[in-house]
Amino acid sequence: MSHAVQDQRPVRARKSSSPADLTRGGLPRWAPAGTAVASAVLGSVIGLVFDLHSKVQWGLIAALLFVGITYASSAVVENRRQAKDRVATSLVWVCFVLAVIPLLSLIWTTISRGIKALDGDFLSHSMNGVTSFEQGGGVYHALLGTIEQVALATLIAAPIGLLTAVYLVEYGKGRLAKAVTFFVDVMTGIPSIVAGLFILTTWNLALGFGPSGFAGSMALSILMMPVVVRSTEEMLKLVPNELREAALALGVPKWRVILKVVLPTAIGGIATGVMLAIARIAGETAPIMLLVFGTQLINGNPFEGAQSSLPLYIWEQYKVGSEASYDRAWAAALVLIAFVMILNLVARGIARWKAPKTGR
């Protein structure tokens, strides 16, 4: 009986991967693009026949048809193993398209609606003397407030986050390091309103300070710190240990090895992480509402008096409900997106500039 089983195993193996399956023809290169076009046409036809008003339903039907047609055509022309591989690739492309479409729709809507009010006067004037129902006014006071608040938050959070990451990677051992890692993970998920309430309780109510851009910056720094710690920690872990060991073997103190070898090697990734953390806090509204209060005037002093910011300005203008305020809100949203996009481009530029040079 055991010999019979052993004799059947090679036969089954030959059936699962027969030479005929391996030598069958393949689909042409234009097959995925042709399948996508055919699926889009069929999805539109089905949507029209069944009177589906939502274009999202048309797109989902086309996506299902694309995956199904890909599998069927590959199974017939090629083999089932290749068909499964093409289905997996098709699912990746479908998920990519489903992720990109909302982003492109958001950018298109913001640009088409925000470009109406965006001009030089809008960027160089405040809302002083302009009622919310009137045309005119600008975003200068909010843009200035955002730049100052984000800059102060970066000055607070970046050094603390960098030093915390250096401790965790280079010195951290035992319970203290585990406790720091745990609280960093907890801080990553803290809602922005909680950070604002903490600063409101300690800085404004307990110590008696009034609303200011600096108070908002402290709340933003709480949100920014764990992002800086995590990104810097991962970058420092990528530095090869051979570099540390070589410097230590020459008798260089450990603090100098960190300062002269480890940090310069990882500076590109660290700068990228800091820029991404800045982009993350640039759109926060809740802490600004609690701590900065907002104003229609230009206040260049972040340490005294109420200030405005771009997210708060957008919320204030959209709350009014007039056509002019809607245009200003969309234009401010476009300015905020451009601000975040510039930060990301700067981060990519720094990362490419500081990336280790590789020879041929």
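User: Which hand does the crossing of α5 and α15 have?

Analyst: The crossing of α5 and α15 is left-handed. Bear in mind that this is a predicted model.

User: What makes α5 oblique to α15?

Analyst: The axes of α5 (residues 80-114) and α15 (residues 323-353) cross at roughly 125° and come within 8 Å. Roughly perpendicular covers 65 to 115 degrees and roughly antiparallel begins over 145, with the rest counted as oblique. That makes α5 oblique to α15.

User: Which residues make the contact?

Analyst: From α5 come Thr109, Thr110, Ile111, Arg113 and Gly114, and from α15 come Trp330, Ala331, Ala333, Leu334 and Ile337.

User: Now α9 and α10: why are they called oblique to each other?

Analyst: Happy to run the test again. The axes of α9 (residues 192-206) and α10 (residues 213-237) cross at roughly 135°. Only angles over 145 degrees count as roughly antiparallel, and 65 to 115 as roughly perpendicular. The two helices are therefore oblique to each other. Their axes come within 9 Å, and the crossing of α9 past α10 is right-handed. On the α9 side the contact includes Phe198, Ile199 and Trp203, and on the α10 side Phe214, Met218 and Leu223 are among the residues involved.

User: What is the reach of α3 from its first C-alpha to its last, and what is expected?

Analyst: Helix α3 (residues 31-49) reaches 26 Å, close to the 27 Å expected for its 19 residues at 1.5 Å a residue.

User: How do you know that the buried residues of α3 are on the same side?

Analyst: The buried residues are Ala31, Thr35, Ser39, Gly43 and Gly47. They cover an arc of only 130° around the axis, which puts them on the same side of α3. Val37, Leu48 and Val49, on the other side of α3, are exposed. Part of what covers the buried residues is α4 (55-77).

User: Why is Ser74 called buried?

Analyst: Ser74 sits in helix α4. Its relative accessible area is 0%, and buried means under 20%, so Ser74 is buried. Beyond neighbours within four places in sequence, Ser74 is in contact with Leu27, Asn79, Gln82, Ala83 and Arg86.

User: How far apart in space are Ser74 and Ala338?

Analyst: They are 44 Å apart, C-alpha to C-alpha, with 264 residues of separation in sequence.

Terms used. Residues are numbered from 1 along each chain as its sequence is written. This is a predicted model: local features need pLDDT of at least 70, side-chain atom pairs count only at pLDDT 80 or more; totals for chains, interfaces and linings use all residues. Side-chain values use heavy atoms; hydrogens and water are left out. Helices (H or I, at least four residues) and strands (E, at least two) are DSSP runs, numbered from the N terminus. The expected span of a helix is 1.5 Å times one less than its number of residues. Buried means under 20% relative accessible area, exposed over 50%, partly exposed in between (1.4 Å probe, protein chains only). The arc is that of the directions from the helix axis to the C-beta atoms. Contact means heavy atoms within 4.5 Å. Axes are lines fitted to C-alpha atoms, for helices over the stretch in contact, and angles run from 0 to 180 degrees between N-to-C directions. Angles under 35 degrees count as roughly parallel, over 145 as roughly antiparallel, 65 to 115 as roughly perpendicular and the rest as oblique. A crossing is left-handed if the near helix is turned anticlockwise from the far one by less than a right angle, and right-handed if clockwise.
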